[in-house]
Every structure is written in C-alpha cells, then in structure tokens.
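Subject: Structure handover

Hello,

Here is the structure you asked for, with notes on what was found in it below.

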Amino acid sequence: MIDLAQERPLLVAEHLSKAYGTRRACRDVSLDIHEGEVLAIVGESGSGKTTLLQLLAGRLMPDAGHIFYEMRDGSRRDLHALSEAERRFLARTDWGYVHQDPAMGLRMGVSAGANIGERLMAVGARHYGRIRATAGDWLQRVEIEAARIEDLPSTYSGGMRQRLQIARNLVTKPRLIFMDEPTGGLDVSVQARLLDLLRGLVAELGLAVIIVTHDLAVARLLSHRMIVMRDGVVVETGLTDQVLDDPQDAYTQLLVASILPA
Amino acid sequence: MSAADLAYNFAYIDEQTKRMIRRAILKAIAIPGYQVPFASREMPMPYGWGTGGIQVTAAILGPQDVLKVIDQGADDTTNAVSIRKFFAKTAGVRTTTHTNEATIIQTRHRVPEQPLQDGQILVYQVPIPEPLRWLEPRETETRRMHALAEYGVMHVKLYEDIARHGHIATSYAYPVQVENRYVMDPSPTPKFDNPKMNDCAALQLFGAGREKRIYAVPPHTKVTSLDFDDHPFEPTRFDAPCALCGSRAGFLDEIITDDRGSRMFVCSDTDFCDTNRRAARA
C-alpha cells in the first residue's frame, strides 16, 4: 500500500475552472495524485470528466486555477508556466495519454513497431535494431504476438489496438498516464482482459493513472481513489471501496444504485 | 542573342514582385533550411512545371548572367527547353548547356555531376516543400514541429522503410537536416545527389510556387541525410557504366530501346555525358 503522507504528490490541481462560452464544464476542481496511485474520475456523460482530464493533461488551458507537477529532477513546476517545448517534451516522455478511440492515439498508416518506436525516436534513439527489439518486447508485454510487429494497426482488432496504444505510451517509462474511457467500445470479455493487463502493468511499473470512466466496475477494479463529478462539480471524493460501498452524496447513491446486479 | 522583348519587364516579373521575392530569398539564406512563405504569383505555365523555380530565377537574374536549365539532368527536354526560351525571350540573357559556363542553373530534380563553383547559384523547382507532410497533414502542426525541432517522425518514416523493405528504400526526396537544425525536403532529387548538397560551393535556392515557399542552403553549409546508426545513409550505386560515355561517376537513366525488353543505362546529366564523350574523341 502506498503511504500518501510520506511523499509529495506527483500532480496537484488547484481550483480548476473551464467554460465553453456560458456553459461551465468544470468548476473549481482541486485534486492531487501520488506516484503509483490510480485515480478514477466517474460521472455520467456531460459531467465534465473529459474536460477535466484534458485540463490536467495540458491539452486545454483552464480559465482559472493552477496545475503543479513534480518533474523527474524533483523540481515542482507550474504546468502552464512551462514553455510549449517543455510541455510537449513532458507529454511524450514522462506522460502517456490513452484515447478511447485507438485510431486517435495511433498512426494507422505505419507498422506496430514504428508506432511503439516513435517516442524513442523522438527522444533521439537512432539504432534501428534496438528500437525494433524494444518494440517487440513491449508487444509481448501487452500480449500481442511478436510476429505481428510489421503489421499495420488497421489489421488489428479493437482490443489489440487498445493494447498497442498502451504499449506505445509506456515505452518511454512514463510516470503518469491519462486514460479516457480506455475500455469504451470493447466487448465484455475483451474489456476484462484489458483491465487485467492494465492492473498488472500499473502494479509492476508503479504508474500513476488518472482514468476517466462512466463504468463504475472499471473504477472499482482499477482505482484506489475516485472522484465523482456532476455538472462540472466534484460531488464526492474518497477511497474507491468507501465511495462505492457507502456513498454519501445523493447523486453518487443514484449512480451506485443504477449498476445492474451481476 | 536577340534583345529582350520590350512588351515585358526584364525577366517577365515586375520589379516590386522581384523585391518581395528577394526579401524572402534573403531571409531563407539567413535561416538555412527554413521554409519562408512568399506571395507566389501566377506564372504563364501550370503549377508543377516549375513556377516556384522560375520566380526565384527571375528575381535573381541580371543582364550579365548566363542561364542553364535542366530537367532530370537533361538540357534538351521539354521543361528545360521552354524555361530556357522563356528567359532568353523575356530577359535576353545568354543561355548555355555547359555547367561550368552558367552563373545560374535552374534545375528540376538533379544536381549537375560537375562540381559547382563559388558564385554559381542552383535554383531547384520544388513540388512539395514540407518533409513532414507524409506523417502530419496539418500545416499548423508541421510549423510548430519545425519551430520546436521535433523531428522524431522523420525517423518513423525511415523505420517503416526498413521494416517493410529491409533497408531504407526512399530513393528520392530523401530528407536532410541543414546545419543540425531544420529538416528539409531536398525536392525530388535522387538521393544520389544528397552528398553534393553538403558543403556545396554554390548557393542553393529552392522555390515552390503552388505551396508558396522559398528555402535555401547557403554555400559551404552542412547538409546531412537522416539515417540510423545501424542503417547508415547510402547513395544509389549503379552496376554498369553509362552506355554512351562509359563513366561510372554519374546518375544513370534507364532508356527503353524497343518493345522486347531491351534497355540501356545512360547518364542523366547530358552536359556531363557530352563532355566525357568529347574528351574521349579528342
């Protein structure tokens, strides 16, 4: 178990707000996440989950609020005070972003090996043999046959594409991964396998993960802590088991009650 | 040589436009490999026939210049003949087919075999100036990638070549990096010519008319072809010498000689081939 009191959080968000015109998608949200911790953001569609994730990942500028990140060198930096070059470097080395639709996160026109190798080449790897070997390793770690390394992602099934997208993100050994509904659109058995794989990788690599999902089962299986959002506001936060077993907020009670009994 | 046709300004383009193009050229020379946008004009020829190169040539051409125009290395192909006649008519400048006599050489997709000299200018006609276009279709994004020198995707392209073909199969428009900074498309010249662009004594100017971009490599500038440590850049090599002049030094074109599969390989640079043959006869 992680001792949260011992270390400084990896990422701290303070009073984040974002509006699209007059529609306020995210209102005064504060949160933090520690190394090795999995945080789930749950809520129904339109509750501002994805907006919050994009704010945290630096893909959207907040109207108000700050995000601080503990860099690898131990310095604490305001994300929005970083230069664009620094932010983009951070995003492709120390972070990962797993899209719901793998086609958004993959290059569909180049082979699986090149997809995994891209981040390595972006940080200066110039030895084809070593890049390919690393890509092969990662394919196996996400349970894809190494023989398919030269195949295009378009020849992969939905579940394989999602696993390839995860491998492509993990190759630079990031510390923080953002995931937007990673199991969305997959059938139940494929979902289960993906969740199993994710849980293994997260534990093995000590990854911090911020995962957006509307599926409470996914949250229960993967996350240590969760945040429940409604209309852009955090209505409840706490340890996952606590929130799901004893929801305090009326909306959370409704969400939990609406899970179909297995 | 006949006097310039007075119905046109010298070298066809008006002086204000030439000034605008010269400013873009100066900026391009100051930032080697950087694509400078310019207000490309309609020219009396279709896009893809060298409208970019012709504007650059018109902007730098003076009455004392001697112009050579080549198309795939040859002086006698349609594109080369028509552009050469165009400037002979509108500027009245002397034209030549000899590489060493020319002060300005406009080229479509070849660098002459004979080493270029100080004071010469090589003008390339460029169809697609953006080397990142293959992997990133958004212009806003490619500009940002150039600004931040994020060139990892260029190696993704080369990686994919090796994965599919076992070696880097890109044989023309082979991407280069200029002075360790900007990645540049050398226009669709064969990669055979890439080493000639490095530390070249002549000024190299690139004009893309449809895409409205000018870029440049100043004399004696470092031009490196991208590659992998374990798959280094290799210029194209030919098994046989030129069937006409016997040289092994030039880039060869395949010529089909009948409909039963006979063919011959001859120098693509016609001036180089002629010079060799004349030297052999003498």
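**Hairpin in chain B**

Strand β11 (residues 252-256) of chain B and strand β12 (residues 263-267) of chain B run antiparallel and are joined by 5 bridges. Strands are DSSP runs (E, at least two residues) and helices are DSSP runs (H or I, at least four residues), both numbered from the N terminus; two strands pair if DSSP finds at least two bridges between them. Leu252(B) has Cys267(B) as its bridge partner in β12(B). The two strands β11(B) and β12(B) make a hairpin with 6 residues between them, and in the turn Gly261(B) has a positive phi of about 90 degrees.

Before the rest, some conventions. This is a predicted model, in which local features need pLDDT of at least 70 and side-chain atom pairs count only at pLDDT 80 or more, while totals for chains, interfaces and linings use all residues. Residues are numbered from 1 along each chain as its sequence is written, chains are lettered from A and ligands numbered from 1 in the order in which they are written, and side-chain values use heavy atoms, with hydrogens and water left out.

**The other sheet in chain B**

In chain B, 3 strands form an open sheet in the order β7-β6-β10, with antiparallel pairing. Its edge strands are β7 (182-184) and β10 (223-225) of chain B, each of which pairs on one side only. From one strand to the next the twist averages 35 degrees; axes are lines fitted to C-alpha atoms (for helices over the stretch in contact), and angles run from 0 to 180 degrees between N-to-C directions. Strand β6 (residues 176-178) of chain B is joined to β7(B) by 3 bridges, and Val178(B) has Tyr182(B) as its bridge partner in β7(B).

**Sheets in chain A**

An open sheet of 6 strands in chain A has the order β6-β7-β8-β3-β9-β10 and mixed pairing. At its edges stand β6 (95-98) and β10 (233-239) of chain A; each has a single partner strand, so one side of each is left without a neighbour in the sheet. The twist here averages 15 degrees from one strand to the next. β6(A) runs parallel to strand β7 (residues 176-180) of chain A, and 4 bridges join them. Trp95(A) has Leu176(A) as its bridge partner in β7(A).

Elsewhere in chain A, strand β1 (residues 11-20) pairs with strand β4 (residues 64-70) in the antiparallel sense over 5 bridges. Val12(A) stands opposite Phe68(A) in β4(A). β4(A) also pairs with strand β5 (residues 76-78) of chain A, again antiparallel, over 3 bridges. Tyr69(A) has Arg77(A) as its bridge partner in β5(A). The hairpin of β4(A) and β5(A) has 5 residues between the strands, and Gly74(A) takes a positive phi near 90 degrees there.

**Where the chains meet**

Contact (heavy atoms within 4.5 Å) involves 21 residues of chain B and 22 residues of chain A. The two chains bury about 1900 Å² between them, 59% of it on carbon and sulfur atoms; buried area is the accessible area (1.4 Å probe) that two parts lose on being put together, summed over both. Glu150(B), Val156(B) and Tyr159(B) supply 30% of the area that chain B buries against chain A, more than any other three residues.

Between chain B and chain A there are 4 salt bridges, each a side-chain nitrogen of Lys or Arg within 4 Å of a carboxyl oxygen of Asp or Glu. Glu150(B) forms a salt bridge with Arg88(A), with the closest N and O atoms 2.8 Å apart. On the side of chain B that touches chain A, the elements that give two or more residues are α4 (139-147) and α5 (152-165) of chain B. The largest share, 9 residues, comes from α5(B).

Regards
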